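Biologist: Before we discuss any labels, could you show me the model, so that each term can be set against the value behind it?

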Amino acid sequence: MTIHSAVVDGVPVRWTEQPGRFAASLVFRCGVRDETFGTAGITHLVEHLAFAAIPVPDHEFNGQVALGITEFTFEGAPGEVARSLAAVCGSLSALAEGRIDEPMLARERAVLEAEGRTTPIPAEIAEALSNHYGLAGPGLAAVEEKYLDRLTAADVSRHAAEYFTRGNAVLVCTAAPPAGLRLPLPEGPRRPLRAAARVVARGPAEYASGGTQLVLSFQVPGDQDDTAGIAPLVCRTLERRIHEGLRRRDGLVYGAACSGVTVDDHSGLMVATIDVAPRNAAEAAGRVIDELRSLRDAGISPEEARRAAVRLASDRAEPGAEQDDAYQTAVAELCGQRPWRWDDVAAAVRNYTPALTASLLADLDSTLLVGLPAEAIPEDVDARTGVVFPPRRTEEKTHVQGRTYKRGLMARFAGVPEDTRLVVGEEGLVLTLLGETTAMPWEAIVGLEREPIAGGAEGITLYTRDAFQLGFVSAWFRRGDDAVTQIRSAVPERLQCIASPGAIENPRGSSHATS
């Protein structure tokens with residue numbers, strides 16, 4: 001296969017000769033991982049505004065914001081696609097220069113709210129990322145767009161000028177670029193993936209998942225490492241072992257999927273999601289962990305490697321595989337990553353040795369997190385030992401001096417646990433609930449959500465950088481309104497927002513960390 005190259009207006013162009021209609025993807029190295037908790041959704045807003053300022057194309061088009069990239073795709077006659085590419089680039093340039101129509105900005109904010117919550121990757125994988133990396137970088141994949149109404153024209157302009165530039169883009173086509181193609185983007189440098197810091201100090205640990213699947217995740221080497229080439233082999237082998245053993249033989253699970261997520265140059269995340277009844281989640285988790293340890297310690301059998309090689313060859317023969325190679329190579333180059341083409345992975349499978357799986361899975365036990373569906377966590381679970389492993393915990397300090405707010409009279413009748421107590425001081429706050437005490441300094445708070453409740457009370461949810469939530473209702477405490485006033489004065493106003501109804505959960509649900 002030949003991947004052709006050119007440069008148009010300073011933008012690298014990559015293509016293979018594919019039959020069928022002409023298609024082009026303009027890809028920028030910018031995704032949700034480049035936002036903050038307080039600016040979540042700004043990349044999505046830029047993508048919407050770029051399209052909103054141009055005539056609606058008569059051919060197929062789409063925009064998508066992923067974890068580390070944003071792309072604009074067009075499919076149709078070459079001349080039509082060329083005009084649309086030039087128009088969207090001109091629109092992005094206008095945004096970067098601050099030429100933003102305020103009514104359009106307000107309208108597109110409303111459109112995003114109507115679109116509802118979206119995640120750049122499956123929700124269970126996004127949640128695993130947030131539990132490993134906190135509410136920053138790749139962990140932002142699980143964050144809702146809570147502050148759209150706070151994003152100003154100046155915010156949008158800065159974001160567009162920083163990321164949506166010719167130096168931070170690549171164009172991938174299914175044929176040579178049309179004659180006369182223009183890509184009038186602003187100047188700007190390449191923005192490689194930033195290194196991401198994990199927030200989990202030690203493992204294994206567990207957390208309460210917001211979904212219905214059992215999720216196991218752990219750190220693996222990044223794409224620059226030679227072992228990354230056998231990651232697809234390990235994933236397929238694990239899926240097959242789960243299907244043959246846990247489903248066909250024991251009827252314990254329905255299905256499983258395993259995949260990898262690139263985090264930065266030197267690290268990634270491997271995530272296994274399993275469809276299982278809540279009553280069987282703990283046993284299934286233990287069995288899958290046993291299989292992973294077996295893969296690490298004993299390796300993959302020759303027969304399993306042979307099966308994977310046959311499957312890989314079949315996939316390689318599928319129509320469009322060459323275009324996939326061109327796309328993956330171009331995006332890897334854009335992100336500053338090592339490209340893994342079909343032939344590279346095939347070579348890694350042919351040259352497989354057990355030492356490779358030992359290296360790939362070396363950090364399994366020390367970084368393993370198990371996400372359990374809430375229904376799989378008994379109400380009387382021991383908060384110290386958890387269901388499978390001890391719960392993931394915050395590493396923040398546990399002693400804060402300040403004003404103490406004890407449980408109020410009305411809270412007793414509402415079923416709020418007797419030990420509930422809140423301390424608010426100059427350095428931070430401490431919430432005690434169900435025998436657990438969690439302290440957070442103010443600098444660890446990345447967001448505050450308020451929910452008005454009937455009777456004048458107010459629900460408060462605090463989001464921390466390590467992806468923990470502290471939630472309570474002012475009516476739980478004597479003079480709880482004063483506590484809310486104290487907290488709101490300590491958290492910057494720009495990090496405060498009004499929640500959708502029902503944000504405060506039953507207090508029994510807070511014994512496990514959630515993202």
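Predicted model: local features only at pLDDT ≥ 70, side-chain atom pairs only at ≥ 80, totals over all residues.

Biologist: What makes the contact between Arg450 and Glu458 a salt bridge?

Modeller: The rule asks for a side-chain nitrogen of Lys or Arg within 4 Å of a carboxyl oxygen of Asp or Glu; the closest N and O atoms of Arg450 and Glu458 are 2.7 Å apart, so the pair qualifies. By this rule the count comes to 27 salt bridges.

Biologist: Which parts does the salt bridge between Asp365 and Arg293 tie together, and how far apart are the closest N and O atoms?

Modeller: The closest N and O atoms of Asp365 and Arg293 are 3.0 Å apart, which is within 4 Å and so meets the cut-off. Asp365 lies in helix 12 (residues 364-367) and Arg293 in helix 7 (residues 281-298), so the pair ties together parts that are 72 residues apart in sequence. Arg293 and Asp365 also belong to a network of salt bridges that includes Arg296 and Asp297.

Biologist: Why is Asp365 called partly exposed?

Modeller: The partly exposed class lies between the buried limit of 20% and the exposed limit of 50%; Asp365, at 25% relative accessibility, falls between them and therefore takes that label. Arg293 is at 27%, so the conclusion for Arg293 is partly exposed too.

Biologist: What makes Met410 exposed?

Modeller: Exposed means over 50%, and Met410 has a relative accessible area of 61%, so Met410 is exposed. Met410 is found in helix 13 (residues 409-413), and together with Leu409 and Phe413 forms a nonpolar patch on the surface, with about 410 Å² of accessible area for the three residues together.

Biologist: How do you know which residues of the largest cavity lining are nonpolar and which are charged?

Modeller: Ala, Val, Leu and Pro are among the residue types that count as nonpolar, while Arg counts as charged. The lining consists of Pro232, Leu233, Arg236, Ala308, Leu312, Val345 and Val349, so the division is six nonpolar, no polar and one charged. The volume of the largest cavity is about 40 Å³, and helix 6 supplies the largest share of its lining, three residues.

Methods:
Residues numbered from 1 in each chain as written. Heavy atoms only, no water. Patch = residues over 30% accessible without salt bridge, like charges linked within 9 Å, V, L, I, M, F, W, Y side chains within 5 Å. Areas by Shrake-Rupley, 256 points an atom, 1.4 Å probe, with all protein chains shown as cover. Helix = DSSP H or I, 4+ residues; strand = E, 2+ residues; numbered from the N terminus. Buried < 20%, exposed > 50% of the residue type's maximum accessible area, 1.4 Å probe, protein only. 1 Å grid on protein atoms, 1.4 Å probe; cavity = no way out; pocket = protein on both sides within 12 Å on 5 of 7 lines; lining within 4 Å. Points joined across faces, edges and corners; volume = space filled by probe spheres on them.
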